[in-house]
Structure formats: structure tokens, C-alpha cells
Amino acid sequence: MPKNSKVTQREQSHEHVTESVADLLANEEPFDYKSSSLNVGAASEKRVPQIEAPENDGRPAWNSKLQYILAQVGFSVGLGNVWRFPYLCQKNGGGAYLVPYFILLIIIGIPLFFLELAVGQKIRRGSIGVWNYVCPRLGGIGMSSLMVCGFVGLYYNVIIGWSIFYFFQSFQYPLPWSDCPIRKNGTLAIVEPECEKSSATTYFWYRQTLNTTSTIAESGGLNVKMTLSLLVAWIIVCLAVIKGIASSGKVMYFSSLFPYLVLFCFLVRGLMLKGSVDGIAHMFTPKLEKMLEPQVWREAATQVFFALGLGFGGVIAFSSYNKIDNNCHFDAVLVSFINFFTSILATLVVFAVLGFKANIMNEKCVSENAEKILGFLNSNVLSHDLIPPHVNFSRLTTSEYAEIYGVIKTVKEDGFARLGLYPCLLEDELNKAVQGTGLAFIAFTEAMTHFPASPFWSVMFFFMLINLGLGSMIGTMTGITTPVLDAYKVQKELFTVCCCIVAFLCGLLFVQRSGNYFVTMFDDYSAGLPLTVVVILENISVSWVYGTKRFMQDLEDMLGFRPSIIYFYLWKYVSPLCLIVLISATVIEMVIIPPGYNAWVQELAQERFQSYPRWALVMCFALIAVAMLPLPVVFIARQFNLMSDGSNKLAVSYRKTMMKDMSNLEEQDEARSILRAKPGEAPPSTAARRPFLTPGGNKPLDPNSLSPNMCYGTGYQNAAISPTTPSTPPTPATPESDS
């Protein structure tokens with residue numbers, strides 16, 4: 001027997017041995033489950049403030065804390081910060097919108113972000129492994145997250161493909177969307193009618209980029225340019241994630257930091273443009289009455305929810321590669337506020353540029369209407385007496401036009417409408433804010449045509465969009481690959497390549513001529529409701545099933561300090577209530593507002609709302625059903641023991657250690673007989689055992705209650721507790737009482 005074994009040590013010390021075999025096993029080190037699971041039972045009476053991760057668990061790790069923070073920032077900061085937050089801010093009261101957004105960030109965003117970081121770091125598994133372990137019956141949470149990641153990744157990479165196309169088109173002077181194309185009809189050259197009715201940037205987007213059809217029912221065949229762009233996008237994503245965090249972490253250094261450089265450059269350049277101050281002033285002029293509208297709070301909650309990437313699994317996957325004692329509370333607060341200030345920075349940039357664009361468009365409106373007035377004066381429709389003597393039509397200012405417009409409207413009260421004059425108010429132009437693709441590919445591109453050195457700024461802008469999208473796509477793909485690689489022994493590189501190939505083939509749906517309508521469909525239906533359901537179930541499984549007190553104790557063991565008591569109430573009451581209200585509002589909105597999309601009508605050269613055909617409606621609700629299907633299926637299957645609880649795949653290294661120790665049970669039992677306290681004393685028939693305590697240390701757990709079907713994933717501990725006793729029948733889990 002080795003000299004340093006515990007049995008030999010106690011023989012030399014002549015101590016009275018009263019420990020059981022389970023105690024000997026429980027004292028053996030290393031215990032892998034302590035660093036890879038939310039440990040419920042077998043807590044020692046003397047709690048260790050920090051739990052070290054095993055050195056040999058074989059799991060990859062981040063090279064540095066900075067790399068990890070940049071990965072989380074790159075995942076959470078995406079295209080929505082640039083083209084959705086500014087739109088919501090203007091739509092919902094300007095500066096007043098920041099108040100509900102910030103409040104909901106504090107009471108929903110940070111707590112739930114902290115929760116996902118903590119469970120990923122503690123259990124050290126992807127989304128499927130984490131929720132299988134916390135509560136096997138709710139293991140469908142991780143599978144639903146994976147489904148949503150798949151749906152979102154399909155269309156999100158299409159947007160990156162659009163940005164790649166515009167990026168390469170930007171290496172031209174003048175920019176190809178600066179002017180309308182000229183159509184030659186024999187010796188006659190005319191401006192393209194569709195472009196003349198809309199604008200050069202709108203025409204380039206809908207006709208020359210997408211070549212879109214007028215309805216979703218018209219496929220129109222594949223768009224070759226967009227298909228090639230999508231292929232390039234998937235190749236870039238595949239190369240970025242093929243080696244796991246070893247490659248994606250390095251990519252994050254550039255993809256996360258470069259957008260900030262571009263945003264600061266655009267802000268400085270934008271503030272130098274004429275009218276930029278008008279845009280920023282319009283943006284931050286608060287409309288306080290908007291704060292009383294429920295719709296504002298609902299949209300703020302939705303934006304907080306999606307801005308941080310909650311429920312996708314990427315947050316959990318990234319944090320699972322951390323050291324066990326990493327301060328994930330600090331990370332949650334830091335990344336959340338970086339995300340918030342990025343949205344503010346992007347809003348400043350967007351409205352500085354849109355303010356410049358609004359002034360350009362307003363001057364164009366004044367010029368066109370001034371020509372109309374001159375025509376009316378020359379044809380004696382209007383009297384020259386209506387025009388103030390100081391007005392010079394060759395240099396007509398906005399204020400002078402407003403004065404003339406007011407006079408003509410007063411004098412020609414009855415026949416004014418027939419003149420076809422417009423007021424040309426700057427406020428009207430500023431109110432024409434657009435979101436999503438309309439902001440990036442129409443409004444912003446139009447503004448950049450008026451920039452000096454416009455190709456340079458266009459290249460920078462679309463390169464920034466590619467990097468923002470790439471950071472989010474890396475997190476999305478990690479949310480898919482990490483859970484699968486944790487559960488199954490497959491080659492990482494091969495699996496990643498196969499995922500990208502399958503995703504590209506499925507993505508061909510979005511590069512048809514009608515593909516942008518399917519992008520809208522997937523954006524509206526594949527993520528919204530399913531993701532909200534996933535997050536509320538995450539919240540409930542930790543705070544109500546696992547137990548908030550137990551979770552707080554686990555955090556104290558892991559971090560070395562106890563988080564503020566406010567998190568207890570936020571996780572247990574506030575966040576679930578807010579999420580229930582959000583789900584209810586989302587369902588009501590889906591019922592009230594008819595499902596549809598904005599189609600580009602070529603004859604009218606403008607968008608028109610159209611309802612989805614019946615087959616498209618079925619497809620919309622199928623996306624929701626498929627994403628949420630794993631939740632009830634897994635619950636029913638595990639409730640009736642039709643599926644294993646999944647915990648057997650979560651503690652492989654621990655079980656190997658345990659089985660190795662169990663193989664020496666006979667030797668250990670013989671040693672106990674030899675090491676009895678007094679000569680001639682028979683070995684005790686039942687060894688004394690220490691009580692199994694909850695992390696709180698005050699509630700003994702019945703070892704026999706730790707069944708494989710419990711919602712804490714600790715069923716395999718039975719073998720260590722009673723290796724020779726047959727396992728008891730599964731007993732249903734009961735939520736922990738926090739009273």
C-alpha cells in the first residue's frame with residue numbers, strides 16, 4: 001500500500017476510524033463535479049470560499065480575460081445596436097426612451113445576463129448540457145436555444161452577405177448608387193422610370209442588389225450575386241470558428257474593436273456636416289408623455305432582451321470556457337454597460353448623418369417647389385405681389401420659402417391644393433427615420449453620396465457592418481457547436497464545416513429574388529416568442545426549481561463573495577413577472593396585427609404592405625412551433641422515463657475517478673477491519689456518515705432522494721453513497737422552498 005495513502009496515514013496515527021466508504025470516496029481528489037456542475041449534495045461542513053477548476057478536464061480555455069470580454073461584447077453588440085436602437089429611440093420619445101430602457105436593463109438585462117454567465121461558468125457545458133443538469137425535465141431549453149440559433153444564423157449571415165456585396169461595390173467613384181441609371185431608347189436617353197419615382201439608393205437596393213419580386217409567392221429564381229456573397233460570408237464564418245475559441249477568440253480582437261474605431265470616425269465626421277446638430281437635437285429632445293405608453297416599455301424590454309443575446313446559448317457557451325473562480329458578476333455588469341453605451345454612440349452617429357441628410361433633402365424640396373412657384377408667376381397663376389421684394393429665388397433659404405409658402409396658402413385658400421406645393425419642413429424629414437435594412441442600405445448610403453471622399457466612408461461603413469455581424473455570428477455558431485461537441489464525441493473541425501455547408505444550402509431560400517421577404521419572416525417569427533419562452537424557463541428553472549437560495553450559495557462558493565440580495569428578488573419575482581408580461585404582450589400583438597410584409601411594387605416604385613398567403617402563414621407559425629417543440633417533448637419523455645436524464649454525459653471525468661475508487665472497495669473494507677480502534681474489536685456493521693447538507697449548510701439531504709430523475713442532475717452520486725445497494729425508484733423533484 002502506498003505510504004502516502006489515507007489508510008496508511010491513519011494506521012500510523014492510530015486514529016479511531018468511523019468513516020464510511022462513501023466518505024473515503026467523497027474525500028478523494030480531484031472531484032470533477034465540483035467544478036463542472038451545480039453541486040447540490042455532499043457539501044462539506046467547512047465551506048471553501050473558492051472552487052478551483054480541475055486542471056486536466058481537457059476543456060479549452062480563453063487565452064486571456066480581455067479575449068473573453070471582447071468575445072462577449074462582439075456577440076452582444078450587433079447590427080441591432082446600429083439600426084434598431086436609434087429607430088426605437090426616435091419612435092418612442094427620443095431621450096425619454098432611454099429612461100425605460102435603462103430601468104429595464106437594470107431589472108431584467110443584467111440579472112438574466114449574470115444568470116447565464118454563472119451557470120455556464122459553473123457547469124462548464126453548453127446550453128444543452130447546462131439545462132440537462134440543472135433540471136433534466138426542462139432539458140428542452142438547451143435544444144430550443146440551439147434551434148433558435150440555427151434559424152437566426154441562417155438569415156443573419158444573409159445580411160452579412162448583403163454587406164459584403166456593398167463593401168465591394170464601394171470601391172468605385174462615384175458610388176454606383178449615386179445617380180439613377182440612364183435607359184437608351186434608340187437615340188433617346190431617359191432616366192430609368194422606377195428610379196426616378198423613388199431614388200437612386202432605393203433603386204440600387206431593390207432592383208440592382210436584390211432584384212426583388214413584387215410578392216413572396218414569386219420566387220424569381222436564385223440571385224447569382226447574392227448567392228456568391230452568401231458563400232463568401234459562410235466561408236468567413238467557418239474559418240473564424242473552425243478551431244473553436246482558439247481561432248474565434250483571436251478574430252474577436254479585430255471584429256469587436258474595429259466597429260468602435262469606425263463609429264468614432266463617423267461621429268467626428270458627422271459632427272462636421274451641415275445639419276448634424278439638428279439631427280442630434282431632434283434625437284434627444286424628450287417627449288416625456290411617451291413614457292406613459294405601455295408600447296414604449298414593451299419595445300424597450302424587447303430591445304434589452306435581444307441586445308444582450310439572452311437565450312441564444314452563445315453567452316453560456318462562451319462563459320463555459322472560463323476559470324471556475326472568474327468574477328462573472330463583474331463581466332455581466334461590464335458587458336451590459338458597454339452594450340448600452342455602444343447603442344448611444346451608434347445613435348449619435350446615425351442621427352448626425354440623418355440630420356445632414358434631412359437638410360440636403362429639405363434644400364432639394366425647397367429648390368423643386370421654388371421652380372414650381374416661378375412657373376406659376378410666369379404663367380400669371382400667382383401674382384408677383386405675393387412675393388416679398390427681398391426674396392432672391394436663385395438663393396432661396398428655408399426660412400424665406402416658409403414665408404412665401406405661408407402667404408400663398410393664406411391667399412389661395414380654396415385653390416391651394418391644386419398648386420401641389422409642399423411645406424418643406426425640416427421636422428418632417430427628421431421624422432422619416434427608418435430601421436433595419438432601410439437605414440443601412442438606403443438612408444445611410446444616400447447620405448454618404450454627399451460626403452467628400454464618399455467611397456472611403458462607404459468602405460468603412462460596410463466593413464464595420466461585416467465585423468458587427470461576424471461577432472454575433474461567431475457567438476451564434478458557438479451556441480450551436482459547443483452543446484453538440486459536449487454531448488457527442490465528434491471532430492470539431494469536421495462538424496463545423498458540415499454545419500456551415502448545411503447552413504449555406506438552407507440559406508439559398510434567402511438569396512432568391514424573393515429572399516428578403518423570407519428574411520423578414522424569419523426575423524419576426526423564428527426568434528421573438530420562442531426566445532422569450534426559453535429565457536423565462538431558464539429563469540424559473542434556476543430560481544424556482546433549483547432554488548434561488550441554493551444558487552446564491554453556489555455563487556458564493558464559486559466567486560468567493562455573496563452577490564447582493566437584490567439579485568435574489570430580481571431572479572425570483574421581478575424578472576419572471578416582467579417576462580410573463582412581455583410574452584403576453586407579444587402574443588396579443590401577434591393576434592391583433594395581421595401577419596404580413598412590406599413588398600416592393602415595381603410599377604409604383606414604392607413599398608406596400610401585403611398579407612402573407614396561407615402557405616406562408618403556415619410557415620410562420622411552423623417556425624415558432626419547431627423552435628419550441630423540444631420543450632414539451634423532452635419534458636414528457638423524461639417524465640415517463642422514455643429518455644435518459646442527460647446527466648451521464650456531464651461528469652465523465654468524475655465518474656471515471658469514482659469507478660476507479662469503487663474497484664478498490666474490497667481493499668478499503670479490509671483496511672477498515674484491520675484499523676479498528678481497539679484490539680479484538682469487530683468492525684462496525686454500519687459506518688457513521690456525515691449529513692449531506694445543502695449549500696446553505698442547514699438542511700440535510702436524504703441520500704436516497706438523489707435519484708437520476710431529480711432536477712439537479714445529481715443522480716450519479718447514488719453510486720458513491722451506496723455502491724452495493726440497488727438504486728431506488730425515481731422520485732419526482734420538488735422545488736426548493738426559499739422561505
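Hi everyone, let's start with Ala605, which counts as buried at 5% relative accessibility. Keep in mind that this is a predicted model. Ala605 is not a glycine, yet its phi is positive, about 55°. You will find Ala605 in the loop between β3 (596-601) and β4 (606-611).

Now, please compare that with Asn641. Its phi is also a positive value, near 55°, in a residue other than glycine. Asn641 belongs to the loop between α27 (630-639) and α28 (652-662). Is Asn641 buried or partly exposed? Asn641 is partly exposed, because its relative accessible area is 48%, and the buried class ends under 20%.

One more backbone point: going from Tyr173 to Pro174, the peptide bond is cis, with omega near 0°. Pro174 is in the loop between α9 (140-169) and β1 (182-185).

On to the rings. Searching the whole structure gives 59 aromatic pairs. One of them joins Phe451 and Trp457, with 6.3 Å centre to centre and 80° between the planes. Why call this pair edge-to-face? Because planes over 60 degrees apart count as edge-to-face, and here the angle is 80°. Both partners are inside: Phe451 is buried at 5% relative accessible area, and Trp457 is buried at 11%.

Phe451 has another neighbour to show you. The charged end of Arg269 sits over the Phe451 ring, 5.8 Å from the ring centre. Elsewhere, the charged end of Lys572 sits over the ring of Trp544, at 3.6 Å from its centre.

Definitions and conventions:
Residues numbered from 1 in each chain as written. Predicted model: local features only at pLDDT ≥ 70, side-chain atom pairs only at ≥ 80, totals over all residues. Heavy atoms only, no water. Phe/Tyr/Trp six-rings, centres within 6.5 Å; stacked < 30°, edge-to-face > 60°. Buried < 20%, exposed > 50% of the residue type's maximum accessible area, 1.4 Å probe, protein only. Lys NZ or Arg CZ within 6 Å of the ring centre and 35° of its normal. Helix = DSSP H or I, 4+ residues; strand = E, 2+ residues; numbered from the N terminus.
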